[in-house]
Amino acid sequence: MQRSGARNVLVCIVFSLMVASGAFSAWLTPEEMYLDPTTIPEAEYAFDYTTQNEYTFQKVVGLKILPPLKEDSLEYYFEPDVDYKADVTGGLGTVTFNRPGPYFVLAIYQNDSSQLFDFAIDFEIYNGPQRGPTSNWHKIPTPSPDVVVRDPDLRKDPKFGPKTKVVTDKQTWQEVTDYLKTLSNAHVELGGHGSPAAFYYKGSRVLYDCTKETNDWLDSIRGHVSNLTFMSCSTGRGDEGKAFLQKVANYLGESAGYTNIVGSNGEDWFINGDGKLVKCVVPEPSATLFALWAVPTITLIARKHFRRR
């Protein structure tokens, strides 16, 4: 009995030492991993497209993870412990990303300092030369046009519906133009990079608000494309972007673009921060006719009024 009791005491001591030294993995709970999306400051976080799904951190006491959020919500879209997980073992932290997408990770170190990391796990953004600050990501509806013509240099498309034709073999802008001219009154999404009031294809700016070339190009596809929308970052941002979309709509009928950075993980479609899709349509003819009718009518009434006096 004495030997058995001594053995049990020894086992308890060894177990305690192993726990204290971090020999066992300490998986973090969803509560311990929770990172408040409102605490992420807007900044130029450096991240690149990567397929690596595991990262390690040295001398940490905690890891907090922010996955993408639901549409117009601060509620997580990805599920902790399923889509991603983390553990901290003896100062070594490990994060495993099981689902492609955009993530922020806050590493809390043993010296009470912390650092925020931005990861694009098998997730590609459709940005041009101006990425702009990022803060958090939200799921948004996947476009459902008749046709998507996408820059072949991009690697990730969201899952479009069965009625959408995806074209990815056009190597030049002229090939894109020639293809669009084979269509008739189609709703087309152009997938490429963007910046306010601009669209880039194969690294070159091919559409911009203030150029005659853009006006001539829009005129050339009139009747072939009735709704042209842009799957590109920030093309619809600000007054400049909205004015560009309105110009496109005036030529073709309808247009749309995003006000912030967008991207895909091969399944879903996401936008950063408070971004949204801006839609523009050509003004109704009745509104123009009313304006033309109203001016002479008001003038006539005014003349009668002054004659009576």
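The model is a predicted one.

**Strand 19 and its partners**

Strand 9 (137–140) and strand 19 run antiparallel and are joined by 4 bridges. In that pairing, Lys139 stands opposite Phe270. Strand 18 (262–264) also runs antiparallel to strand 19, with 3 bridges between them. Here Val262 stands opposite Ile271.

Strand 18 and strand 19 form a hairpin with 4 residues between the strands. Gly266 lies in that loop and takes a positive phi near 90°. Is Gly266 buried or partly exposed? Its relative accessible area is 25%; buried means under 20%, so Gly266 counts as partly exposed. Gly266 touches Lys156, Asp157, Pro158 and Lys159, leaving aside residues up to four places away in sequence. Lys159 is 107 residues from Gly266 along the chain, yet their C-alpha atoms are separated by 6.7 Å.

**An open mixed sheet**

Elsewhere, 4 strands make an open sheet in the order 1-7-6-3, with mixed pairing. Strand 3 meets strand 6 (residues 101–109) in the antiparallel sense over 6 bridges. Val60 stands opposite Tyr109 in strand 6.

Asp112 sits between strand 6 and strand 7 (114–121). Asp122 sits between strand 7 and strand 8 (124–125). Most residues other than glycine have a negative phi.

| Residue | Relative accessible area | Class |
|---|---|---|
| Asp112 | 74% | exposed |
| Asp122 | 18% | buried |
| Gly266 | 25% | partly exposed |

**Helix 5**

Helix 5 covers residues 238–252. How far apart should its ends be? At 1.5 Å a residue, its 15 residues should span 21 Å; the end C-alpha atoms are 21 Å apart, so the two agree.

The buried residues of helix 5 are Gly241, Phe244, Leu245, Lys247, Val248, Ala249 and Leu252. An α-helix has 3.6 residues a turn, so residues three or four places apart point the same way. Gly241, Phe244, Leu245 and Val248 are among the buried set. What do the buried residues pack against? Their neighbours are strand 15 (204–208), helix 4 (212–220), strand 16 (225–231), strand 17 (254–258) and strand 20 (277–281). Just after the helix, Gly253 takes a positive phi of about 130°.

**The largest pocket**

The largest pocket has a volume of about 450 Å³. Its lining has 26 residues, and Ile140, Pro141, Tyr258, Leu277 and Lys279 lie nearest the centre. Strand 9, strand 12 (186–191), strand 16, strand 17 and strand 20 each supply at least two lining residues. Which strand gives the largest share? Strand 17 does, with 5 residues. By type, the lining divides into 9 nonpolar, 10 polar and 7 charged residues.

Technical notes. Residues are numbered from 1 along each chain as its sequence is written. This is a predicted model: local features need pLDDT of at least 70, side-chain atom pairs count only at pLDDT 80 or more; totals for chains, interfaces and linings use all residues. Side-chain values use heavy atoms; hydrogens and water are left out. Two strands pair if DSSP finds at least two bridges between them. The expected span of a helix is 1.5 Å times one less than its number of residues. Buried means under 20% relative accessible area, exposed over 50%, partly exposed in between (1.4 Å probe, protein chains only). Contact means heavy atoms within 4.5 Å. On a 1 Å grid over the protein atoms alone, a cavity is a set of points where a 1.4 Å probe fits but cannot get out, and a pocket is an open set with protein on both sides within 12 Å along at least five of seven lines; lining residues have an atom within 4 Å of a point. Grid points are joined across faces, edges and corners, and a volume is the space filled by probe spheres set on the points. Ala, Val, Leu, Ile, Met, Phe, Trp, Tyr, Cys and Pro count as nonpolar, Asp, Glu, Lys and Arg as charged, and the others, Gly among them, as polar.
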